Number of protein chains: 2
Amino acid sequence: MNGPDGKVSLIVHGGAGALDPGDPDGAAHVAGCQAAARAGHAVLKAGGSAADAVVAAVTVLEDDPLFNAGTGAALTEDGAVECDASVMTGQGAAGAVGAVRDVKNPVRLARLVMERTAHVLLVGAGAEAFAARQGVRRLEAGALVTDRMRAKWQAAKIKATTPAGGGTVGCVARDAQGHVAAATSTGGILMKLSGRVGDSALIGAGTYADDRAGAASCTGLGEAFMKALGAKVAVEAMLAGAPPDAAARQALAAVRRAGGDGGIICADAAGRVGFAFNTPGMSRAAISTAGVETSGV
Amino acid sequence: MNGPDGKVSLIVHGGAGALDPGDPDGAAHVAGCQAAARAGHAVLKAGGSAADAVVAAVTVLEDDPLFNAGTGAALTEDGAVECDASVMTGQGAAGAVGAVRDVKNPVRLARLVMERTAHVLLVGAGAEAFAARQGVRRLEAGALVTDRMRAKWQAAKIKATTPAGGGTVGCVARDAQGHVAAATSTGGILMKLSGRVGDSALIGAGTYADDRAGAASCTGLGEAFMKALGAKVAVEAMLAGAPPDAAARQALAAVRRAGGDGGIICADAAGRVGFAFNTPGMSRAAISTAGVETSGV
């Protein structure tokens with residue numbers, strides 16, 4: 001089942017709750033997810049690791065201004081972009097950053113935390129100082145703010161709207177060696193307090209991977225995923241034998257008991273991929289071990 | 001079993017790995033834990049909630065310079081104190097702060113996050129700005145640094161020593177209404193990078209509570225507790241029927257598989273308390289539902 005059998009697969013999500021199924025932006029979101037899935041899949045086909053693939057796919061989504069991660073992230077109450085991201089391998093390595101400003105690809109910084117420190121999570125100014133020491137270019141302040149997100153922020157300032165996440169991105173993959181990995185990245189909730197860190201930065205909450213079972217990446221109301229440990233619950237369900245779809249559904253039920261909705265993507269150690277969401281939509285794209293592409297919103 | 005039966009109990013820890021059993025400071029650590037346990041117990045006997053009790057007990061430990069939390073916390077690589085703390089109730093409320101400077105009682109700030117925001121975790125400068133808006137007094141820079149910890153830091157700068165945690169504090173309690181709660185607070189690992197957040201700030205990793213089962217607070221190598229979700233695993237074990245001691249042991253076994261050692265204290269919904277550690281020592285003190293005090297190192 002698991003092992004170096006050459007089978008590769010992955011699935012990406014562009015966030016639950018960002019779109020309704022009839023939204024005119026749906027096709028563009030699906031196209032963005034497909035581009036990310038193909039980028040990750042190319043890494044896997046070239047013999048890259050699952051960790052390489054999920055970081056490559058999430059980087060594509062961070063750079064796409066349609067998604068709430070990296071460029072185009074949602075703004076805090078005081079109008080800044082603060083990003084959370086994390087990555088975990090099925091072999092137990094993990095890295096994450098929280099509330100980081102002016103870094104183009106937070107998921108790559110999370111990977112540097114994983115590979116070059118004894119820590120798992122760096123936040124705020126300390127994470128930015130680490131980035132500088134690692135030679136990561138600091139963007140000009142506000143470089144990640146798009147006109148679309150500034151307009152949403154201005155509207156929210158005038159009329160208190162429901163604080164909305166949506167558009168968080170993630171990827172889970174299974175590589176030719178039988179290893180799995182997961183990565184997640186987000187700007188978080190529009191109008192969040194500065195310094196707020198959500199599930200996308202937290203191992204077990206938004207991101208989890210275990211080679212014995214599979215990997216999971218979450219999107220939705222971060223605080224509920226944090227209390228329910230949504231990604232860990234999904235991986236535990238796969239460890240207990242649930243296929244990826246069912247594991248995602250089981251974890252979402254636990255998250256709902258903790259007061260929130262969202263979506264989860266899963267890949268298991270055999271390379272099966274699946275997902276579930278209980279928001280109106282969740283853009284996603286997958287490529288199976290047979291090379292078959294699927295997508296939806 | 002659970003319910004408003006008037007039974008109260010709690011257990012506190014002063015950190016795994018801070019002391020060996022023969023350490024001359026052992027008696028002082030135990031006395032500090034006993035003072036904290038009595039403070040929390042007085043809250044419970046007066047009809048206070050488990051959340052009130054764990055915050056009261058952890059506040060006593062934060063203010064005791066012997067322990068690595070609040071006053072007397074370990075220093076970062078650049079010689080500052082940055083604190084992590086979290087609190088969770090068995091009813092599912094949670095709050096936490098990470099990498100916070102110059103706040104005397106991080107556990108109280110974590111409680112404010114729980115009670116006065118829609119978020120679970122605030123970090124760094126954003127958490128400090130939130131504290132200021134809530135009227136929490138900002139200490140002068142360096143006020144939490146003790147001579148003892150500055151000396152340890154200077155020694156570590158000269159001779160690279162094993163990065164050591166130790167002295168993290170925590171409390172779990174069961175109140176007269178049958179509710180449970182957990183709180184944890186730490187300065188983290190000596191010589192940690194600025195911005196590093198450990199398990200003590202993270203729901204599921206260092207702190208967890210669920211009225212159906214019980215509550216847990218952890219101490220030890222934070223990164224391993226983060227990967228294993230030590231506190232959540234302990235509460236899940238109690239939910240499956242394990243008594244508190246056995247639940248703590250089961251969770252420690254999972255943490256060891258993730259590469260670290262430490263200790264865990266647990267209280268279950270019936271008011272039984274227990275602990276386990278696999279470091280040479282862990283100072284602790286407990287008061288049972290029968291009012292019996294126990295302690296050790």
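Mentor: Chain A and chain B bury about 2400 Å² between them, 67% of it on carbon and sulfur atoms; buried area is the accessible area (1.4 Å probe) that two parts lose on being put together, summed over both. This is a predicted model, in which local features need pLDDT of at least 70 and side-chain atom pairs count only at pLDDT 80 or more, while totals for chains, interfaces and linings use all residues. Residues are numbered from 1 along each chain as its sequence is written, chains are lettered from A in the order in which they are written, and side-chain values use heavy atoms, without hydrogens and water.

Trainee: How many salt bridges does the rule find across the interface of chain A and chain B?

Mentor: A salt bridge is a side-chain nitrogen of Lys or Arg within 4 Å of a carboxyl oxygen of Asp or Glu. The rule finds 0 between chain A and chain B.

Trainee: How are two packed helices described?

Mentor: One gives the angle between their axes and the distance between the axes. In chain B, the axes of helix 2 (residues 50-63) and helix 3 (residues 106-116) come within 8 Å and cross at roughly 150°. That makes helix 2 of chain B roughly antiparallel (over 145 degrees) to helix 3 of chain B. By class, this contact of helix 2 with helix 3 of chain B has 5 nonpolar, 1 polar and 4 charged residues.

Key
Axes fitted to C-alpha atoms, helices over the stretch in contact; angles between N-to-C directions. Helix = DSSP H or I, 4+ residues; strand = E, 2+ residues; numbered from the N terminus. Parallel < 35°, antiparallel > 145°, perpendicular 65-115°, else oblique. Nonpolar A, V, L, I, M, F, W, Y, C, P; charged D, E, K, R; others polar.
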